[in-house]
Amino acid sequence: PPMSPALSDPMSSLVPAEMPTPATRAVVFCHIPADASEPMVELMFDEIPGDIGGFTTHINKLYARQGGKVNVEVLRQQVSAHAAKNGNAAQEVPSDMLNQMALSQTVDIVMLMPAYPGNDWLGVNMYVDDKGIPKNLEVNRRASAITSACGLPTEVRGDAYISRLCDDQEDRFERQDLLLSQLSADVAWVQVAKRYNEERSARPQQLPDGWMGSGGGGAAAASPADPDECFSAASDQRAKGTAAFKAGDYATAAAHYKVAAAELDKILAHPSHLAAANEQRLPIHLNLASTLLSLEQPYDAIKACDVALEIDPLSVKGWYRRGQACMKIRQFAPARRNLHRAAELEPQNREIRQALERCLEEHKKHQEELAAASMDDE
């Protein structure tokens, strides 16, 4: 149902009003309280142009002010389940690490409508508390209804925030106003998001043509494959790849990862096994990208990251390693965009921030070199 605008902001006592400076631009986003008796409201964020991670940091602060006690045992179970989903062996999580995680505040980003050429690079994201379950937060039925309307049914816990952006993944990134009147199920962007997400979930993600070079393509096998045999072979090849990588034998590691990926590609045509295959394909392609970077093969690393990001557009490692690969081929604008995306998804990651700073410095130096060369030519 259409969402009625509110006359007041229940968060106003928590978020002091700040006068925008000339360097900022006020952008409207929406707050959806978990408590259905509270009205949904439009909030303002003063965006600093070029600061992609600023909005995520702002949302983190809102959640931090709301507080909430984390059940460490539930958090432990959640961490273990996440590790198992990514194909990692079960292991005991140290208590001090769990306590540190419980004290930290981060958000999960639900990409309701990805920015892509077909919708003029307009995207819409929902931001939720990543510890909604360990905090035993109330189910947010209004926010959950929005995810379902967009073709991404999700049980949202706690308050949710939604913003719109324009991101061409090159040189343009800016937040755009999103009003409460634009959150009904029949508005254009929700319909576009629903079609995109439903079509994406129904199609298998294939490897880019030729990405494996002389080692063979990523196409599915011509004859039907036994899924159990493929899963077993992929797991074995992945383990061998990881062992070789740890030993510093990157060429052997890459070969094993490519065989593992090829085994899983054989069963992409089996709809009932697609989700399980993608759960394994994601870490394999991320590991392959890291290995190819070590082999100084940035173009193939980019292709491996593209596959990983097709499976999971919110993969921090996918955006980070793609940015690293672009840096190696001196494609600074795409590198900056990829590293910015990684920084937005994980703003507290120092390694990503340092990589972004290096990218900006090298880009500036490169531009100065080009300007000097141009003057010499004259």
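Predicted model: local features only at pLDDT ≥ 70, side-chain atom pairs only at ≥ 80, totals over all residues.
View 1. Residues are numbered from 1 along each chain as its sequence is written, and side-chain values use heavy atoms, with hydrogens and water left out. The chain has twelve helices and six strands, taken as DSSP runs numbered from the N terminus (helices: H or I, at least four residues; strands: E, at least two). Count the contacts (heavy atoms within 4.5 Å) between residues at least 6 apart in sequence, and 66% of them join residues at least 24 apart.

**View 2. Helix H8 against helix H9.** Here H8 (residues 274-294) and H9 (residues 298-311) have axes that come within 8 Å and cross at roughly 160°. The axes are lines fitted to C-alpha atoms over the stretch in contact, with angles running from 0 to 180 degrees between N-to-C directions. The crossing is left-handed: the near helix is turned anticlockwise from the far one by less than a right angle.

**View 3. Who touches whom between H8 and H9.** On the H8 side, look for residues including Leu-282, His-285, Leu-286 and Ala-289; their H9 partners include Ala-301, Ala-304, Cys-305 and Ala-308. The contact residues split into twelve nonpolar, two polar and two charged. Nonpolar here covers Ala, Val, Leu, Ile, Met, Phe, Trp, Tyr, Cys and Pro; charged covers Asp, Glu, Lys and Arg; the others, Gly among them, are polar.

**View 4. Two loop residues with positive phi.** Most residues other than glycine have a negative phi. Asn-136, though, has phi near 55°; this residue sits in the loop between strand E4 (122-129) and helix H4 (141-149) and is exposed at 62% relative accessibility. Glu-296 has phi near 60°, lies in the loop between H8 and H9, and is exposed too, at 52%.

**View 5. Cysteines and the disulfide count.** With a disulfide taken as a pair of cysteine sulfur atoms within 2.5 Å, the count is zero. Cys-150 is buried at 0% relative accessible area, and Cys-166 is buried at 2%.

Methods
Buried < 20%, exposed > 50% of the residue type's maximum accessible area, 1.4 Å probe, protein only.
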